[in-house]
Amino acid sequence: MGDNNKYNMKNPSVKRILQELKEMQSNPSHDFMSLPLEENIFEWQFAIRGPSETEFEGGIYHGRIQLPSEFPFKPPSFMLLTPNGRFETQTKICLSISNHHPEHWQPSWSVRTALTALIAFMPTSPNGALGSLDYKKEERRVLAVKSREAAPKFGTPDRQKLIDEIHEYMMTNAPPVPEQQSEEDPDPPVAATEHEKLNKRLKENHEAEEEEAEVEAEAPRVSKQVVASASSSSYSVQTIETQEQAVAVVQKAGDDRLFTLAAVGLTIAIVVLLLKKFMKASGHGAVFMDES
């Protein structure tokens, strides 16, 4: 920056902005860089690096911060200059850290805090917020690669000079863009892909037809086996039932003979007992007993 004497150092906003500028220069970050214009310290140009492990990874996104005269007691406004697929360009975007939501702003927050928050907002869902876009991930990856080619064109020559300097600084520390596909063929081979899909479907249909034919050929043989097995089972069941019936008849005949013998023995015993009583009653019992 130039001579600070041209600024009112008693103004709390000026003091705060110059303090943040000093801190930004003494403690730079690889994730972002931001500097105010020479002729207006309330307007800052910035560039942020796309967050890693997202579709923005490797991208360099430029923008502008406009600090209010009441800074840091009122929030700044933000505008993106690099096409990114998440926010509109050259339009003030709606964030909880921007002037669209002054109720959320904290005076302790700084330009560094705001840029860190902006990086975190990149991969979030827009939810219809003002100045937001909802491009597909593939489109955002293409824009991330393109953002590295050159800094965006914006404003006066002094602004453009500052934007170019920031872009050069960011590119010296920027990691390569993750390879999603071959650089020689950035677009997916649509025809080849469709051809592969068609071949795959034809192969699957052919295999399905072969399996169906095997099932049909196997069905008669299986049916014969089932019938033969069923007939054999039926014969076995009938044989077992016949054997069981024969055993039952034999057992029944034996039981009848035993019952008959028992009845005859019981009859004889009763006759003998009655005979003894009769002989005793008639007086012949004693002689019979002596002879015995």
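This is a predicted model: local features need pLDDT of at least 70, side-chain atom pairs count only at pLDDT 80 or more; totals for chains, interfaces and linings use all residues.
Biologist: Thanks. Where does Ser-13 lie, and which residues is Ser-13 in contact with?

Modeller: Ser-13 is part of helix H1, residues 12–26. Helices here are DSSP runs of H or I with at least four residues, strands are E runs of at least two, and both are numbered from the N terminus. Contact means heavy atoms within 4.5 Å. Setting aside neighbours within four places in sequence, Ser-13 touches Phe-42, Ser-69, Glu-70 and Phe-71. With Phe-71 there is also a polar approach: a polar atom of the Ser-13 side chain lies 2.6 Å from the backbone oxygen of Phe-71.

Biologist: Now the overall picture. How many helices and strands does the protein have?

Modeller: There are 6 helices and 4 strands, and from the N terminus the order is α-β-β-β-β-α-α-α-α-α. Of the 292 residues, 30% are buried. Taking contacts between residues at least 6 apart in sequence, 57% join residues at least 24 apart.

Biologist: Next, charged pairs. How many salt bridges are there?

Modeller: The rule asks for a side-chain nitrogen of Lys or Arg within 4 Å of a carboxyl oxygen of Asp or Glu, and the count comes to 7 salt bridges. One of them joins Arg-16 and Glu-20, with the closest N and O atoms 2.9 Å apart. These two residues are 4 residues apart in helix H1, so about one helical turn separates them. Both Arg-16 and Glu-20 are buried.

Biologist: What about Lys-74 and Glu-70: how far apart are the closest N and O atoms?

Modeller: Here the closest N and O atoms are 3.9 Å apart. Lys-74 is partly exposed because its relative accessibility is 44%, and Glu-70 is partly exposed at 36%. Asp-134 counts as exposed at 60%, whereas Arg-140 counts as buried at 5%. Shared partners join Glu-55, Asp-134 and Arg-140 into one salt-bridge network.

Biologist: And the interior? Which residues of the largest nonpolar core touch the most other members?

Modeller: A nonpolar core is a set of buried Ala, Val, Leu, Ile, Met, Phe, Trp, Tyr and Cys residues joined through side-chain atoms within 4.5 Å. The largest one has 40 residues, and Trp-44, Ile-48, Ile-65, Leu-67 and Leu-118 touch the most other members. At least two core residues each come from H1, strand E1 (32–36), strand E2 (43–49), strand E3 (60–66), E4, H2 and helix H4 (157–172). Apart from this core lies another, of 5 residues, including Met-79, Leu-81, Phe-154 and Ile-163. Zooming in on Ile-48, its contacts beyond four places in sequence include Phe-32, Tyr-61, Leu-118 and Met-170.

Biologist: Last topic: how many aromatic pairs are there?

Modeller: Rings of Phe, Tyr and Trp (its six-membered ring) pair if their centres lie within 6.5 Å; planes under 30 degrees apart are stacked, over 60 edge-to-face, and the rest tilted. By that rule there are 3 aromatic pairs. Phe-56 and Tyr-61 are edge-to-face, 6.1 Å centre to centre with 80 degrees between the planes. Phe-56 is buried at 0% relative accessibility, and Tyr-61 is buried with a relative accessible area of 0%. Phe-71 and Trp-105 form a tilted pair, at 6.3 Å and 45 degrees. Phe-71 sits in the loop between E3 and E4 and Trp-105 in the loop between E4 and H2, so this pair ties together parts 34 residues apart in sequence. Both Phe-71 and Trp-105 are buried, and ring pairs link Phe-71, Trp-105 and Trp-109 into a cluster.

Key
Residues are numbered from 1 along each chain as its sequence is written. Side-chain values use heavy atoms; hydrogens and water are left out. A polar contact is a pair of N or O atoms within 3.5 Å; within protein, one must be able to donate a hydrogen and the other to accept it, and residues adjacent in sequence count only if both atoms are side-chain atoms. Buried means under 20% relative accessible area, exposed over 50%, partly exposed in between (1.4 Å probe, protein chains only).
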